Amino acid sequence: MLPGAVQPLDPRRRFRRVAIIHYWLVTMRGGERVLERLLELFPEADIFTHVYDPAAMSAAIRARTVHTSFIQKLPGARRHYQAYLPLMPMALEQLDLRGYDLVISSESGPAKGVIPAPDALHLCYVHSPMRYLWDHYHDYRAEAGWLKRAVMPLLCHGLRQWDTNSAARVDRVLANSSFIRERVAKAWRREATVVHPPVDPALFTPSDEIEPGYLWVGQLVPYKRADLAIDAFNALGLPLTVVGDGPQAAMLKKRAGPTIRMIPRLDFAALRRAYARCRALVFTAEEDFGIVPVEVMASGRPVIAYGRGGALDSVVEGRTGLFFGEQTPEALIAAIERLESWLPHFDPAAATARARDFAPDRFDAGVLEALV
């Protein structure tokens, strides 16, 4: 700052009490990591959520006051919370937010539909409009049992109307990627500002020991498309490590050939080593943003990514990785073969430099600017 320049006021000083609404707190994934950073930005904030499992949460979240909706008291809510989705709009509107002058909703499941005080500012950070209502509706319905498949059209029709109407009550909208900004515009007819999720590059270290195998990391659910990676590497006969668990685990394990190793989970230290030593990350999903590619780039390794979704905001073609244009084994195989030719020209320093573009201070600045 130049001598004599006036220090800008911190916009947080305008707000006395802050409430952060998060859809549910039952596992630590990307959305919960964003929540942790919001809690660092707003140290006195209270958390509101539908369902809370303290044993599954980080110390940073457990240290806060957490209020739950009536969903928490329903039978089996911690494990089967998604079965209560039709009740969540009502549950959100019953949360008492009187006295809070800043409300931040962390939206992926229903969170933004709260009713703040009339003079409160409501800022919505969107990980994704609810996938099971919008772009993945037909996928979820096809995977459902006969009863759920029969009732989904009626229930989801009403939920879509509520989802769009409640979006109109939000004052300002942030999206975690350009892809999600477009989906917000399509589903809600709202404009959003892109603020990428925070990834701390200091947590990751490149390695001089690079192994011959490729890496795939994610939840084993249909839209992540682990099957695509398995089919491609079966055909190539190249080594691939798949790290993840989920409803498709048993099916994919049977599908995997002898060059594919499947690991349900790794602790953070082991995951960091896997990132830093893999030949490249294979990223097959059309993801909202995708934190894993940024973590791998922070570890000095390249990414082969499906050329749609949030990966377009992070991976730089020909510099930090390569894209493939169709979710088919043939397209992925062609990308792997291109990467093998390109790899001698890959510079790990370019990947780590790109990862620094998503450092936590960038996220902080984007959120604070939205409060001005």
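Reader: How many helices and strands does the protein have?

Author: Happy to start there! Helices (H or I, at least four residues) and strands (E, at least two) are DSSP runs, numbered from the N terminus. Here the protein has 15 helices and 13 strands. Please keep in mind that this is a predicted model, where local features need pLDDT of at least 70, side-chain atom pairs count only at pLDDT 80 or more, and totals for chains, interfaces and linings use all residues. Residues are numbered from 1 along each chain as its sequence is written, and side-chain values use heavy atoms, with hydrogens and water left out.

Reader: What radius of gyration does the protein have, and what would a compact globule have?

Author: The radius is taken over C-alpha atoms, and the globule rule is 2.2 Å times the number of residues to the power 0.38. For 372 residues a compact globule would come near 21 Å, and the protein agrees, with 21 Å. Its C-alpha trace spans about 70 × 60 × 40 Å along the principal axes.

Reader: Is R189 buried or exposed?

Author: Buried means under 20% relative accessible area, exposed over 50%, and partly exposed in between (1.4 Å probe, protein chains only). R189 is exposed, at 64%. This arginine sits in the loop between α7 (178-188) and β7 (193-194), and its phi is near 60 degrees, a positive value in a residue other than glycine.

Reader: And where is R225?

Author: R225 lies in the loop between β8 (214-217) and α8 (226-236). Its phi is also positive, about 60 degrees, although R225 is not a glycine. With 21% relative accessibility, R225 counts as partly exposed. Across the protein, 55% of the 372 residues count as buried.
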